[in-house]
Number of protein chains: 2
Amino acid sequence: MPVKGKKGMPEPTLRRLTHYLHLLTHLRKKGITGISSPKIAKELNLDATQVKKDIQYTEIVGRPKTGFDVDELIDSIKLCLDWNTHQDAFLIGVGNLGKAMLSYDFYYRYGLNIVSGFDIDEQLIGTYMHNIEILNVDTLVDLAGKLNVEIGVITCPASSAQAAADLLVAGGIKGIWNFAPRNLKVPDDVIVENAQFSQSLALLTRRLSEKRGSSE
Amino acid sequence: MPVKGKKGMPEPTLRRLTHYLHLLTHLRKKGITGISSPKIAKELNLDATQVKKDIQYTEIVGRPKTGFDVDELIDSIKLCLDWNTHQDAFLIGVGNLGKAMLSYDFYYRYGLNIVSGFDIDEQLIGTYMHNIEILNVDTLVDLAGKLNVEIGVITCPASSAQAAADLLVAGGIKGIWNFAPRNLKVPDDVIVENAQFSQSLALLTRRLSEKRGSSE
């Protein structure tokens, strides 16, 4: 299937598209069917030109006066992010964060279907969490190949993150969503998206300290 | 205290600084005391000029030949991110994600000290998780003011995220770290950093789909 939306979409645009999606989903629940880009900008406290440009990346066509149909815009953004179909994923590391991730409805919201969790803890192996079975990490490589799973989620501690990545790569996984605070070494054809909490915390604490500095 | 590092540090630089910090912390554990920016670039598969530029933002001074002292570079990055001192925070919503956050050692790594968790669940109120007491959300506003807490972490469901933000604002909180998939409305002087999983997932799934598209 061809990729929807313009190629080379900038990272900030992709991040903002998820904000638009949260807003639109919320508005749809409230029964709102149409919205314009200036209205979205106002709701999210963003620049209207920026929002317009971001939405143009999705290649949706707006209508004069009414703007966009909420349903169509949701679909259009989901197509861009490849969230309109489901994608199977494995999760490694069923500690506190792993458990939280298994309980989260990624499938319903974003099409991410966590098929199995993996751990080394004998107490966990064979149990189910939110209908997802926890398997022995030794079975991962074989199973990933058989099921043709493309995405691996790493929620184990930093100290075992590289070993987890190596297993995922050996299993033929194409994309790694890494929550461990460790930089992973993977072959060039494997995509790693670092989702460590530290990144957004850095943005928050830096902005707070700049604000404190400027008000002194 | 004046802000360390150059003003107007770009968001991608701040995100990358956390990656450098993870690497440096890892190297320090292994007993490595000095590193150059090309070496960091190579370890993280980044452009050397980019890494050099990022590090210049911290205003650290490198030494000819040996590059940077690992300890000094760690301190320098931490100063930039305001992670060298501790900052108190409240967390609202002690569900799966909230529990995971309470178990995570933000204090040791990033100086973020989660003082209390808040929830509406009677079963949780009065209990302790990882030595952090869970309190009734009704007490938040009063307590935030008394303790002069500046950061609020929102880990409740989307449906109650705005109510949580309103409480934090009423308590005088200056920065909100928002994990709920909902856009928050807050006064202009309150900083919101959206840390929803959906943002990084969007980057991963988009890049995967672009790769699939280009290899067809």
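User: Which elements line the second largest pocket?
Analyst: In chain A, H1, helix H2 (37-44) and helix H9 (197-214) each supply at least two residues of its lining, and so do H1 and strand E9 (191-194) of chain B. Helices (H or I, at least four residues) and strands (E, at least two) are DSSP runs, numbered from the N terminus. This is a predicted model: local features need pLDDT of at least 70, side-chain atom pairs count only at pLDDT 80 or more, and totals for chains, interfaces and linings use all residues. Residues are numbered from 1 along each chain as its sequence is written, chains are lettered from A and ligands numbered from 1 in the order written, and side-chain values use heavy atoms, without hydrogens and water.
User: What counts as a pocket or a cavity?
Analyst: On a 1 Å grid over the protein atoms alone, a pocket is an open set of points with protein on both sides within 12 Å along at least five of seven lines; in a cavity, a 1.4 Å probe fits but cannot get out; lining residues have an atom within 4 Å of a point.
User: How many residues line the second largest pocket?
Analyst: The lining has 31 residues, with Leu44(A) and Val192(B) among those nearest the centre.
User: And the largest pocket?
Analyst: That one is lined by 40 residues, including His19(B) near its centre. H1(B) gives the most, with eight residues.
User: New topic: how many cavities of 30 Å³ or more are there?
Analyst: The search of the whole structure finds one. Its lining has 16 residues, and Ser200(B) is one of the closest to the centre.

Key:
Grid points are joined across faces, edges and corners, and a volume is the space filled by probe spheres set on the points.
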